[in-house]
Amino acid sequence: MDPKVYVAVTAEFGVDGQLRPLTITWEDGRIYEIDRVLDVRRAASLKAGGAGIRYTCRIQGKVTYLFLENDRWFVERRAV
């Protein structure tokens with residue numbers, strides 16, 4: 001199973017020009033609201049490979065990395 005899960009993201013540009021993700025739509029269609037963006041920086045995904053802008057987000061009380069890589073959003077698949 002691919003460690004990268006490409007997701008649809010609803011985001012907004014603020015008046016300051018910053019891109020802020022608001023929701024993630026998972027592969028099965030479930031929509032998760034991003035409670036808070038904790039950090040934004042250039043970083044590599046050590047679990048899934050690739051690099052881009054990493055958004056450290058809180059979703060339902062859990063910290064999740066959301067990556068923007070070449071105009072596509074992905075998250076790292078969690079181990080079962």
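Modeller: Happy to! A salt bridge is a side-chain nitrogen of Lys or Arg within 4 Å of a carboxyl oxygen of Asp or Glu. By that rule, a search of the whole structure turns up five salt bridges. Please keep in mind that this is a predicted model, where local features need pLDDT of at least 70, side-chain atom pairs count only at pLDDT 80 or more, and totals for chains, interfaces and linings use all residues. Residues are numbered from 1 along each chain as its sequence is written, and side-chain values use heavy atoms, with hydrogens and water left out.

One of the bridges joins Arg77 to Glu27, with 3.1 Å between the closest N and O atoms. This pair links distant parts of the chain, 50 residues apart: Arg77 is in the segment after β8 (72-76), and Glu27 is in the loop between β3 (19-25) and β4 (31-33). Strands here are DSSP runs of E with at least two residues, numbered from the N terminus. Arg77 has a relative accessible area of 23%, so it is partly exposed (buried is under 20%, exposed over 50%, partly exposed in between, with a 1.4 Å probe and protein chains only).

Another bridge pairs Asp28 with Arg30, their closest N and O atoms being 2.7 Å apart. Asp28 is partly exposed at 48% relative accessibility, and Arg30 is partly exposed at 44%.

Glu12 and Arg20 also meet in a salt bridge, at 3.7 Å from N to O. Glu12 is partly exposed at 38%, and Arg20 is partly exposed at 38%.

Notes. Helices (H or I, at least four residues) and strands (E, at least two) are DSSP runs, numbered from the N terminus.
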